[in-house]
Amino acid sequence: MSRKNIKANRNIQIPKKVDPSMRVVNLSGYEIPKVKENARREWVEYGDDNNYFYELIERYLGSPTNSRCINGIVDMIYGRGLNATDSTEKPQMFGKMQSLLRPNDIKRVVNDLKMLGQATIQVVYKAGKKQISGLHHFPTETLRAEKAKDGKVKGYYYHPDWANIKPSDKPKRIPSFRNGTRSEKIEIYCIKPYRAGFYYYSPVDYQGCLQYCSLEEEVSNYHISNIKNGLQPSLLLNFNNGVPTDEIQELIERKIYDKFSGSSNAGRFILAFNESSESQAGVEPMHLPDAHAQYDFLAKESREKIMIGHGVVSPILLGIKDNTGFGNNAEELRTASILMDNIVIRPFQTLLLDAFKELLSFNGIMLDLYFTTLQPIEFTELDNISTKIKREEETGEKLSSDKEEVIDDEELLDIEVDFELEEPKEEE
């Protein structure tokens, strides 16, 4: 190869210099939360900045569809509160249960379990630790799990603001349930479902649609910025009289922003005086073809994927009106309500009830607990119910009889038929 060709190849490989006045913004992709064990810390970090719970809260506050889904499902899980089928047979136990598990604490626990993927209860003991005196909701976002010892998480660390923790701060350690000493009167009980690949923390059940929650939030932010920006966001201003210093660039940018930005400045015109046409400032519009259709598609796609992530069978069940799916047929709406109750609501309720029963059993309280449903009785599946207690669990209606009796439809039918065929006796 000749020296001329070698020189030509070298020139091709030399990268070009980038104009310092041009800036490129790289958008980060969505990542699954990381659980990290730091050798210098006693607790396990959740997320890149140990602040993943607050990211979930931000997605709740920023995405209207996500917020509506979480609120609606929390209301369905809690229903009209906690009850027991045997409350009349065990009134003392039922009263103790109500004094330990108060409605406000239960509702907050349900909310954390749905929004953050797990919930925590503060267990307060009496002297001697033979009885529990109180069960209270504890904010999950303020806790981090302690590193496991012998395969068990024996404590949690509390800090009010993990995002702004200082090196001098010392988070308070609180033992987990049944792992504290006799002198430690407060313990933490954690409620979380099993998730493969996660031990210390449990991802939310709508983990797969979080990127669409962010997308919906960004689309709304874009439209807000579009309205507030009087210059329109798709304009490129070119100054063709040389590249000034950074200070002058910032001064020009600030003056243009102060004069033309804001929704109240929309419609203003730009008046420029130039020495010649060769040195005039260029204003080039950068239009996105069919922008309204693209953003409309993104909004609908985000809403659909968010509802899929939450397992919403019909959006109308959560107060979201949609032109597709259920809503026009009462029988289809009833089927959707029953389906969502069984595949979405019941698993949450079962997880909570098992936790409540374990905590109450420490005080010797044994009750058949259930959540009173919000479903209309017309939407409740009663075809396969053979006992009155099961009927109470499904409908929330208290029974008039204290004993569990089998409902025999044939006997009831016979009684009605005999009554109808009975003829009056003749007078003597």
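Reader: What makes β4 and β5 a pair, and in which sense do they run?

Author: Strands pair if DSSP finds at least two bridges between them. Strand β4 (residues 119-125) and β5 have six bridges and pair in the antiparallel sense. The strands here are DSSP runs (E, at least two residues), and the helices are runs of H or I with at least four; both are numbered from the N terminus.

Reader: What is the source of the coordinates, and which residues count?

Author: This is a predicted model, in which local features need pLDDT of at least 70, side-chain atom pairs count only at pLDDT 80 or more, and totals for chains, interfaces and linings use all residues. Residues are numbered from 1 along each chain as its sequence is written, and side-chain values use heavy atoms, with hydrogens and water left out.

Reader: What holds paired strands together in general?

Author: Backbone hydrogen bonds, in either a parallel or an antiparallel arrangement.

Reader: What is the hand of the α5 and α9 crossing, and which residues make the contact?

Author: The crossing is right-handed. The rule: right-handed if the near helix is turned clockwise from the far one by less than a right angle, left-handed if anticlockwise. I106, V109, V110, L113 and K114 of α5 meet F348, L351, L352 and F356 of α9. Contact means heavy atoms within 4.5 Å.

Reader: How is the α5 contact with α9 made up by class?

Author: Eight residues are nonpolar, none polar and one charged. Ala, Val, Leu, Ile, Met, Phe, Trp, Tyr, Cys and Pro count as nonpolar; Asp, Glu, Lys and Arg as charged; the others, Gly among them, as polar.

Reader: Why are α3 and α5 oblique to each other?

Author: Helix α3 (residues 64-78) and α5 have axes that cross at roughly 135 degrees and come within 9 Å. By the angle rule, they are therefore oblique. This crossing of α3 and α5 is right-handed. On the α3 side the contact includes I70, I73 and D75; on the α5 side, P103, I106 and N111 are among the residues. By class there are nine nonpolar, one polar and three charged residues.

Reader: What does α3 do against α9?

Author: The axes of α3 and α9 come within 9 Å and cross at roughly 65 degrees. The crossing is right-handed. I73, M76 and I77 in α3 meet M340, V344, I345, F348, Q349 and L352 in α9. This contact has eight nonpolar, one polar and no charged residues.

Reader: How do you know that β7 pairs with both β6 and β8?

Author: By bridge counts again. β6 and β7 (residues 155-158) have three bridges, and four join β7 to β8. Both pairings are antiparallel. Y156 is the bridge partner of A145 and stands opposite I174 in β8. The open sheet has the order β6-β7-β8, with β6 (143-145) and β8 (172-175) as edge strands. Its twist averages 35 degrees from one strand to the next.

Reader: Why is the Y46 and Y201 pair called stacked?

Author: Rings of Phe, Tyr and Trp (its six-membered ring) pair if their centres lie within 6.5 Å; planes under 30 degrees apart count as stacked, over 60 as edge-to-face and the rest as tilted. The count comes to eleven aromatic pairs. Y46 and Y201 lie 4.5 Å centre to centre with 15 degrees between the planes, and form a stacked pair. Y46 is in strand β2 (residues 44-46) and Y201 in the loop between β9 and α6 (210-228), 155 residues apart.

Terms used. Axes are lines fitted to C-alpha atoms, for helices over the stretch in contact, and angles run from 0 to 180 degrees between N-to-C directions. Angles under 35 degrees count as roughly parallel, over 145 as roughly antiparallel, 65 to 115 as roughly perpendicular and the rest as oblique.
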